[in-house]
Amino acid sequence: ALTPAEAASRLSFEQVAANTLDTVTLPKGYNWSIVATWGQPLWSRGTEFDEATRGTGASQELAFGDNTDGMAMFVDGDKHVLAINNEYTNRSIIYGARESKLPENADDVRKGKAAHGVSVVEVKEAGGRWNIVTDSPLNRRITADTPMELTGPARGHDLLKTAADPSGTTSLGTWNNCGNGRTPWGTYLACEENFNGYFSSSDENYKPSAELSRYGVKTKDWGYAWATADERFDISKHPHEPNRAGYIVEIDPFDPASTPKKRTAMGRFKHENAELVIASNGQAVVYMGDDERGEFLYKFVSDGTYAVGGDNSDLLETGSLFVAKFNDDGTGEWLALTPETTGMSRAEISIHTRIAASKVGATTMDRPEWVSSHPKKAEVYCCLTNNKNRGVKPNAGGDDTSVNGPNPREKNNYGQIVRWQPEGGDHVASGFNWNLFVLAGNPTVHSDAYAGSANVNADNMFNSPDGLAFDTTGLLWIQTDGNYKNEGDFAGQGNNQMLVGDPETGEIKRFLVGPKECEVTGITWSPDRRTLFVGIQHPGEKSNSHFPGGGASVPRSCVIAIKRDDNGLIG
Ligand code: FEO
Ligand code: CA
Ligand code: CA
Ligand code: CA
C-alpha cells in the first residue's frame, strides 16, 4: 500500500533503484522494446547490420545513424514519423572490427559521415510494438554530405564563402546534432553542437584565427579523420568551412525532397537544443543553450509572428538574439546582441555569436544543455550539466568564471537545473526572475553544497542532468549524461538514468536506468501519450556493454519505446 506521501505524489510509479546492469530498468508495470538501432537498414535495398565488419560506407548510407540523440514524433493522418538526431560516432565501436579501431581509408570516412546527421523514419505500432516501416517513401537519411541552404543575416557573407560555394549560400551536411526542437508548424530543428571536432589542418604550422579558436577549431580533429578523404575539412585550405557549421537546421519531416535550412539568425555556437514557444503577441521565442564550460544561454525572438495554419517557412529566418545575464539577487535580464551593443554587423553577430555575447557581459554558465518550457505557465528550465572549470579558469573568450548566482559551486561535477519566469509571464520581456529547481549532488559522500539541494537524497541522486522535457501534464523528465563509475563522488549513482521531477513540489524520482556506459538522451511521446520514446546513446563507449543484443554482440545505440503494461498514459 502507498504511504500518504506517496499517494499525494503526482509521480505515480515506484522508484527504480540505481544499478550498473547492462540493460534498461523501468518501474514495475512498464516495458520497453527497440524501435531503431544503429546500422539497421531503412530500405530493403540496404544490408542487415554485419557484426563482423560493423558495416561499410554504402550500408551505412541506407541505415539508421549512430548515437541517437534529440528526436521528435510528427503525425499526419495515420502516418507517424520520427526525426532523430545521430549526433556522433565512437571510433572504438564503429571501427571496432579493425585492429586499430580507427578509420583507415576513404570508405571508413564515408561510413563515419553517413552515420552522422539525422534519420527520418516512418514508424508504425502493431501489437504494442513500434517498428520502422522499411521502404516508406518518408524515410530519409540526412548526413554530413546532404545539401543545405544557408539562410538569414549571414547568408552570402564573405566569411561563409568557400571554393566550392563562392556564393556563401549553400553548405554540405550537418553533423554533431545534439538536442532538437520542433515548431508548431510541423518542422524539426536539429542543433549542431561540437562541429569543431571534425576539422583539422594538413599544414601543422597553420594558426587558426582567434575566431576559430573561440569555437575550439584546432589543427587536429577528434579522431574522425574526415579531412583525409574530404578536403573541405582541412582548415589550412578552407578556413571558412567551419563558419558554415554550428547552426540550427530546420527540416520538413514530411518532405524527403526538401532542402534543410540552416538558420543563421539563431546564432552560431555549440547548440544543445532549441525550445520554441509562441509568445502572447505571436512572435516565436526560442531558448537555446551553448554547451561549453563558461559559455552562455541565448534567446531568439522572430521578427514575424506565427500564422496558425499559414505559411511560417521563413519565421526563423530573421529575428533578434539575446543572451542571459543572471543577477545574484534572483533577477535577470536578456541582453540584446545588436550592432549598437556589440559593434558587429548582423551577419557577424550571427557567425561569431559567442564573441558578441562576451562583449555585452553575459553570465558564464556551467554548460547549458537542454531547455524546456512548462506547458501550462511561463516558466522555463535549463540543465547546467557540470563544469570542472568553474572558479578554476576563464572560458575560451577570457570571461570570468568565478561562482555566480545560478552556478554556485566551484569545480562543479554534479550540475544543476535553473528555471526562470519571464517578467509579466511574457516570453518577449527583457526581465526575468530565476531560482534553482535542483542542485544535483551526493549526500552519501558530502555534507556541504556538493550533497545537493533538499530534493536530492540517497535514493534519487544523480549527476550531470542533460536532456530535459516537459510532458503535457507539466512533469519534468530529466536525462543524465554523467559519470557512471559508481564510486568516489559518484558512489551509489549507478549508470546514466532518467528521472521525473514535479516542478510544484520539487519532488524527483528515478524512472529509468540505462545500460552500461550509455547516456540517456532524446525524448518524445506518441500523440496519445501511451508510448514514450527514449534514446540510449553510446552503450559500451569504453567497451563494457553488449546492449541491446546481449551475448558477445557489438553494443549499438538505439531508440526504445516505453509503454505501460496496461497501455495507460505515461506522464
Ligand atoms: Fe551533445 Fe551537450 O550534449
Ligand atoms: Ca546533450
Ligand atoms: Ca552532456
Ligand atoms: Ca552525448
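Student: In the hairpin of E9 and E10, which residue takes a positive phi?

Tutor: That is Gly 186, whose phi is near 90°, and the hairpin has five residues between its strands. This is a predicted model, in which local features need a pLDDT of at least 70 and side-chain atom pairs count only at pLDDT 80 or more, whereas totals for chains, interfaces and linings use all residues. Residues are numbered from 1 along each chain as its sequence is written, while chains are lettered from A and ligands numbered from 1 in the order in which they are written.

Student: What pLDDT does the chain average?

Tutor: The chain averages 98, and 99% of the residues score at least 70, on a scale of the predictor's confidence in each residue that runs from 0 to 100.

Student: How do you know that E9 and E10 are joined, and in which sense do they run?

Tutor: Strands pair if DSSP finds at least two bridges between them, and E9 is joined to strand E10 (residues 188-192) by four bridges, with the two running antiparallel.

Student: Why is strand E9 called largely enclosed?

Tutor: A residue is buried if 20 or more other C-beta atoms, placed from the backbone, lie within 10 Å of its own, exposed if 12 or fewer, and partly exposed in between. In E9 (residues 177-182), six of the six residues are buried, so the strand is largely enclosed by the rest of the structure.

Student: What makes Gly 501 count as buried?

Tutor: Gly 501 has 24 C-beta neighbours inside 10 Å, and therefore it counts as buried. Gly 501 lies in strand E24 (residues 497-501) and touches residues including Phe 437, Leu 476 and Ile 508, when residues up to four places away in sequence are not counted; a contact here has C-beta atoms, placed from the backbone, within 7 Å.

Student: Why is helix H4 said to be largely enclosed?

Tutor: Eight of the 10 residues of H4 (residues 106-115) are buried, so the helix is largely enclosed by the rest of the structure. Among the buried residues are Asp 108, Arg 110 and Lys 113, and the buried residues pack against helix H2 (57-61), strand E3 (79-86) and helix H3 (91-94). Just after H4, Gly 117 takes a positive phi of about 110°.

Student: How many residues has the largest nonpolar core?

Tutor: The largest core has 127 residues, and Leu 512 and Phe 533 are among those with the most contacts inside it. Such a core is a set of buried Ala, Val, Leu, Ile, Met, Phe, Trp, Tyr and Cys residues joined through C-beta atoms within 7 Å. A second, separate core of six residues includes Ile 94 and Val 554.

Student: How do you know that the chain agrees with a compact globule?

Tutor: For 571 residues a compact globule would have a radius of gyration near 25 Å, and the chain has 22 Å, so the two agree; the radius is taken over C-alpha atoms, and the rule is 2.2 Å times the number of residues to the power 0.38.

Methods:
Contact = placed C-beta atoms within 7 Å.
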